Number of protein chains: 2
Amino acid sequence: VTAQGEIAQTGSRARKSSAGYDLTRLYVGSEGTLGVITELTLKLYPLPEAVSAAVCFFPSIDAAVQTTIQIIQMGVPIARCELLDANTVRAVNLHDRLGLRESAMLLMEFHGSPASVAEQAATVQEIAREFGGEDFDWATTPEARSKLWTARHHAYLSALQTRPGCRCVTTDTCVPISRLAESINASVQEVEEAGIPYFIVGHVGDGNFHLGYLIDPARPAERETAERLSHQMVARALALEGTCTGEHGIGLHKQGFLVEEAGEAAVALMRTLKRALDPHDIMNPGKIFRI
Amino acid sequence: VTAQGEIAQTGSRARKSSAGYDLTRLYVGSEGTLGVITELTLKLYPLPEAVSAAVCFFPSIDAAVQTTIQIIQMGVPIARCELLDANTVRAVNLHDRLGLRESAMLLMEFHGSPASVAEQAATVQEIAREFGGEDFDWATTPEARSKLWTARHHAYLSALQTRPGCRCVTTDTCVPISRLAESINASVQEVEEAGIPYFIVGHVGDGNFHLGYLIDPARPAERETAERLSHQMVARALALEGTCTGEHGIGLHKQGFLVEEAGEAAVALMRTLKRALDPHDIMNPGKIFRI
């Protein structure tokens, strides 16, 4: 629904189209600033014949990330590859009594035919071993998989509970997969030096991770430090040709980062689009950039 | 480069981003009407460990298309799946002396590990047999694959030579994969009844195909018939929730189809974008829609 109250349908059910401008992708990610999406058509995929989930523990977060880089660069079609650092595992253990070993871990899922799933897993296990990864713990039933994913799904709330009353300053950088280790290692070093409690979860197969700074809201210096580290992390991601936000969007907090990342010319184009489609600035005003 | 001569960079090297509006996808497919793309960054994939190409001949075009639908709906990760109808095969045989059997055929490519490629091929062979498909002819060396793809790459020019002096009215509809057989069968029936020479090639794994009407430019009635059939084909594609153009774009010829497909409200949005980004209408004026 446009700012003028018109209803427009964008896209079709065809797998591809080149009929005019790609309005769908213009509106997706526009954070409600161009109009309101009231109806969605989703693309469905058949359930894979076989699904396996595995957990692998590593001696360090760097080892887990190096493994991920190799997996992706070899073209293994891994369906999910999530990183939890030791702090996160400790937090979910406390929260859900999962009894997981408290070191960096990758949570992986393989989809395909039974033979292809077995082959992917064998390849990944071999790569993991090269970086000191342990033998995989397997989950092949839906129930066992759900239990494993609990660790991932409860990570944020569990981490918050490790420091009662804290607030979380969350980051969302995404970098080319080849630069992910540099990006994470430098961020870990900085936060360790600053002495602020933190945790890391990452959709590392995409080069995307979230480092959460757990700050005490009664101590303004902690917030300042967290914001400074967050800015340093974004500057590094941009230097590595990545983005300040892989999936969370710009909103209010990252407006400065957007200009650093996209440049004035691109942000000017975005402003032009906003003014043209929403001349009275009634759609989620003030978000993404100031007009 | 914008209509104002500014240089904007859109996107990053990260696999995903949600930093502001998706300018990349707004410009891709805009047919030069919003600006000029002067530099591209491409995403590279590792070469697959194994690649196999196979040809399979079918008793009818319907059998080839039904096979394709099953392959896609089963989720077989086939890398390429191209259809050539008997007319096309006849044309490339004449042009390149390929000696192929002159019936509908699928040209398929499988990528992956050796085991996964073999498994995909076995699954697809089984599906093809259910619809009367013959045993696969295989090409595993790069040279043998190139020879097979010659048939596909020379299809258009070979078909033109089957009717000296002819012009081709080409179509480009794309429909949901489940509706592809209806879409192709009805189009074949109409053109056979009209008695105009034609050929069909299709990226059928996407639900996209091209039927070329080979008309004699000295006979205006043939062009009229071809345009009428082309319009009927688009109307049918839209009724099947598809698109009038899978990949060729709107240009001048399909402007009426765009309105039928996207609706007045969506085309009005596109016009607003065009006016905002190119107020003096200097970027490829007159294409996609009249402003």
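Predicted model: local features only at pLDDT ≥ 70, side-chain atom pairs only at ≥ 80, totals over all residues.
Visitor: What makes the pair of Tyr21(A) and Phe289(B) edge-to-face?

Guide: The ring centres of Tyr21(A) and Phe289(B) are 5.7 Å apart, and centres have to lie within 6.5 Å for rings to pair. Their planes stand at 85°, and planes over 60 degrees apart count as edge-to-face, so the pair of Tyr21(A) and Phe289(B) is given that name. The pair also crosses between chains, since Tyr21(A) lies in the segment before α1 of chain A and Phe289(B) in the segment after α9 (255-277) of chain B.

Visitor: Why can one say that the copies meet through the same surface?

Guide: Of the interface residues of chain A, 100% are also interface residues in chain B, so the copies meet through the same surface. In terms of contact, 65 residues of chain A touch 66 residues of chain B.

Visitor: What is the area buried between chain A and chain B, and which residues of chain A supply more of its part than any other three?

Guide: The area buried between the two chains is about 4900 Å², of which carbon and sulfur atoms give 63%. Arg13(A), Lys16(A) and Tyr21(A) supply 18% of the area that chain A buries against chain B, more than any other three residues.

Visitor: Why is the meeting of Glu247(A) and Lys16(B) called a salt bridge?

Guide: The side chains of Glu247(A) and Lys16(B) come to 3.0 Å, N to O, and the rule asks for a Lys or Arg side-chain nitrogen within 4 Å of a carboxyl oxygen of Asp or Glu, so the name applies. Across the interface of chain A and chain B the rule finds 8 salt bridges, while the count over all chains comes to 36.

Visitor: What makes Arg80(A) and Glu109(A) a salt bridge, and which parts of the chain does the pair link?

Guide: Their side chains meet at 3.3 Å, N to O, and the limit is 4 Å, so this pair also qualifies. The pair links distant parts of the chain, with Arg80(A) in strand β2 (residues 80-84) and Glu109(A) in strand β3 (residues 105-112), 29 residues apart.

Notes:
Residues numbered from 1 in each chain as written. Chains lettered and ligands numbered in written order. Heavy atoms only, no water. Contact = heavy atoms within 4.5 Å. Buried area = accessible area lost by both parts, 1.4 Å probe. Phe/Tyr/Trp six-rings, centres within 6.5 Å; stacked < 30°, edge-to-face > 60°. Helix = DSSP H or I, 4+ residues; strand = E, 2+ residues; numbered from the N terminus.
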